[in-house]
Amino acid sequence: MADNQNVADRIDGHTILIGLMAYPIRHSMSPTMHNTSFVKLGLNYAYLAFEVGNKELPNAIQAIRSLGMRGSNISMPNKQKVIPLLDKLDPVAKMVGAVNTIVNDNGVLTGYTTDGTGFMKSLEDENLDITGEKMTISGAGGAGTAVAIQAATDGVKEMSLFNIRDAEWENAKRNVDIINKNTDCKATLYDLADQDAFKRELADSRIYCDATGVGMKPLEDKTLVSDPSWFHKDMIVYDTVYAPRTTKLMTVAQEAGVDHVFNGLGMMLEQGAEAFKLWTGEDMPVDYIRDLLF
Ligand code: NAD
């Protein structure tokens, strides 16, 4: 297949459909990422975004079975609500309590979460290994939960989790409990208001991941760490935000001379690649997609 194939050339009676069910969703980069990969590899799939909220979700999930779709990505506000509608759940998705990828095997729907594996894979792409290391993470929503539980499952030794006392505080407590019960990682929860603890925990962490969304609209000019001296050179500072490409947090880390500073694009790309592999059995051409889209 040529790279510039148009829809009429590409889609035929055998094309297999994969969906993305979320609301709002029209801004998503996922359709371009997956369809470009299908063309590049000559795979007869098509990926389409559907505006599906909680109300439409049960019928939309049933449609995966009745239309013989290969599966779907799931995003807000459906990541938790979808769970009772599925037949099987991957063990990490069960711990995370959220699903972002569904695979349909002859009518049997299995839920996975690839945000955490995408995060870990994006570090591997940079030849960085955080197993056996200490991690500090802020945020315990969808992204923070997936990253923390996957990192602990994959061998991070110690984790300090910071959250504000908002609606996600209970979830932060749950994440720490789950990690301590199910993995060899020792996790501790701190109130983000305890700035002394935040500074202290960062000081001996190999990696800091901010999964709060502070740094993107409407908090574009904000960062949870504004003093470069809280960072040290040989650490990794990872912001899950990818718009803007350089967040305030990343600027502070760069000022501190931190060796490895990342936005969330690598995670976004690799969570897609993990889902792609689950549906097609093929490796997404990530370098090609990175160069083309990012
Ligand atoms: P969420 O709403 O589920 O969770 C937000 C978390 O941030 C919660 O723990 C909340 O307590 C905390 N928080 C909110 N406002 C805060 C503030 N002012 N100060 C400190 N903490 C605050 O959101 P989410 O879905 O987990 O997304 C978080 C970020 O991760 C977003 O920027 C999103 O774009 C990004 N994300 C990136 C990827 C990727 O592939 N790179 C994937 C998913 C999410």
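Mentor: Begin at the ligand: a backbone N or O atom of Gly 142 lies 3.0 Å from one of its oxygen atoms. Such a pair is a polar contact, meaning N or O atoms within 3.5 Å; inside the protein, one must be able to donate a hydrogen and the other to accept it, and residues adjacent in sequence count only through two side-chain atoms. This is a predicted model, where local features need pLDDT of at least 70 and side-chain atom pairs pLDDT 80 or more, while totals for chains, interfaces and linings use all residues. Residues are numbered from 1 along each chain as its sequence is written, and side-chain values use heavy atoms, without hydrogens and water.

Trainee: Which polar backbone atoms are 2.7 Å and 3.2 Å from an oxygen atom of the ligand?

Mentor: A backbone N or O atom of Ala 140 is at 2.7 Å, and a polar backbone atom of Met 268 is at 3.2 Å. The protein covers 76% of the 850 Å² of accessible area that the ligand has on its own; such areas come from the Shrake-Rupley method with a 1.4 Å probe.

Trainee: How do I read a sheet, and in what order do β7 to β12 stand?

Mentor: Strands of a sheet pair through backbone hydrogen bonds, either parallel or antiparallel. Two strands pair here if DSSP finds at least two bridges between them. This open sheet has six strands, in the order β9-β8-β7-β10-β11-β12, with parallel pairing. β9 (186-191) and β12 (260-262) each have a single partner strand, so one side of each has no neighbour in the sheet. The twist averages 15 degrees from one strand to the next. Three bridges join β11 (236-239) to β12, and Ile 236 stands opposite His 260.

Trainee: Which helices pack on or lie across these strands?

Mentor: Helix α5 (115-125) touches β7 (134-138), β10 (207-210), β11 and β12, at about 135 degrees to β11. α6 lies across β7, β8 (158-163) and β10, at about 170 degrees to β7. Contact means heavy atoms within 4.5 Å; angles run from 0 to 180 degrees between N-to-C directions of axes fitted to C-alpha atoms, for helices over the stretch in contact.

Trainee: In what order do the strands β1 to β6 stand?

Mentor: They form an open sheet, β2-β1-β3-β5-β6-β4, with mixed pairing. β2 (45-51) and β4 (88-89) stand at its edges, each with a single partner strand, so one side of each lacks a neighbour in the sheet. Two bridges join β4 to the parallel strand β6 (108-112), where Thr 110 is the bridge partner of Lys 88.

Trainee: Where is Arg 70 found?

Mentor: Arg 70 is in the loop between α3 and β3. Its C-alpha atom is 5.1 Å from that of Asn 104, 34 residues apart along the chain. The Arg 70 side chain also reaches the backbone oxygen of Leu 278 at 3.4 Å.

Definitions and conventions
Helix = DSSP H or I, 4+ residues; strand = E, 2+ residues; numbered from the N terminus.
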